[in-house]
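Subject: Model for you, with notes

Hi,

Here is the structure I promised. Please open it first, then read the notes below.

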Amino acid sequence: MADVIKHDGIVDSIEGDCIHVRIVQASACAACGAKSLCSAAESKEKIVDVYGADAKAYQIGQRVMVEGAATMGMKAVRLAFLFPLLLLVVAVAITMWLTEGNEVAGAVAALLALAAYFGVLFACKRRLMSEFKFTIKPY
């Protein structure tokens, strides 16, 4: 992997060949030394599922490094934000054009289009899981 995103984590639980790793996702200011003086500092805990690793080699509470390709992040942003936004705009525009400005029909069409889009994403969950793979390394 050329561009790799790395996060420190702690093994939260292990289920079969899936290792659940808790990472702390910090904003840029959360790592700042003056964060106690600033109200903008924030950090969030996330659970990352790592499949395909030798689960027997890890223990709950062990510190690990979780790695993923930077391209996965951009793909996730496109799937979760960009495509739905474009779909929303197109659905509203087409529906309002076809119904001669009926805003309620535009709103309903947009919601139905988004529901269908996220339904398709959910149906493709296994395929997406194979594309969004993380690796894990012990410290």
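Among contacts in the protein chain between residues at least 6 apart in sequence, 68% join residues at least 24 apart. Contact here means heavy atoms within 4.5 Å.

On sources: this is a predicted model, where local features need pLDDT of at least 70, side-chain atom pairs count only at pLDDT 80 or more, and totals for chains, interfaces and linings use all residues. Residues are numbered from 1 along each chain as its sequence is written, and side-chain values use heavy atoms, with hydrogens and water left out.

**Overall**

The protein chain has 3 helices and 5 strands. Its order along the sequence is β-β-β-β-α-α-α-β. Helices (H or I, at least four residues) and strands (E, at least two) are DSSP runs, numbered from the N terminus. Of the 139 residues, 23% are buried. Buried means under 20% relative accessible area, exposed over 50%, and partly exposed in between (1.4 Å probe, protein chains only).

**Helix α2**

Helix α2 covers residues 103-123. Its 21 residues should span 30 Å at 1.5 Å a residue, and its end C-alpha atoms are 30 Å apart, which agrees. The expected span is 1.5 Å times one less than the number of residues.

Gly106, Ala110, Ala113, Leu114, Tyr117 and Leu121 are buried in α2. Seen down the axis of α2, these buried residues fall within an arc of 95°, so they line one face of the helix. The arc is taken from the directions from the helix axis to the C-beta atoms.

At the start of α2, a side-chain oxygen of Asn102 comes to within 3.2 Å of the backbone nitrogen of Val104.

**The α1 side**

Thr95 sits in helix α1. Thr95 counts as buried, at 15% relative accessibility. A polar atom of its side chain lies 2.7 Å from the backbone oxygen of Ala91. Leaving out residues up to four places away in sequence, Thr95 touches Ala105, Gly106 and Ala109.

Glu100 is in the loop between α1 and α2. Glu100 is not a glycine, yet has a positive phi of about 55°. Most residues other than glycine have a negative phi. At 77% relative accessibility, Glu100 counts as exposed.

**Rings**

How many aromatic pairs does a search of the whole structure find? It finds 1. The ring centres of Tyr117 and Phe118 are 5.1 Å apart and the planes are at 75°, so the pair is edge-to-face. Rings of Phe, Tyr and Trp (its six-membered ring) pair if their centres lie within 6.5 Å; planes under 30 degrees apart count as stacked, over 60 as edge-to-face and the rest as tilted. Tyr117 is buried at 17% relative accessibility, while Phe118 is partly exposed at 40%.

**Strand β4**

Glu67 is in strand β4 (residues 63-69). Glu67 counts as buried, at 9% relative accessibility. Its residue contacts, not counting residues up to four places away in sequence, include Val4, Ile5, Lys133 and Phe134.

Best wishes

Conventions:
A polar contact is a pair of N or O atoms within 3.5 Å; within protein, one must be able to donate a hydrogen and the other to accept it, and residues adjacent in sequence count only if both atoms are side-chain atoms.
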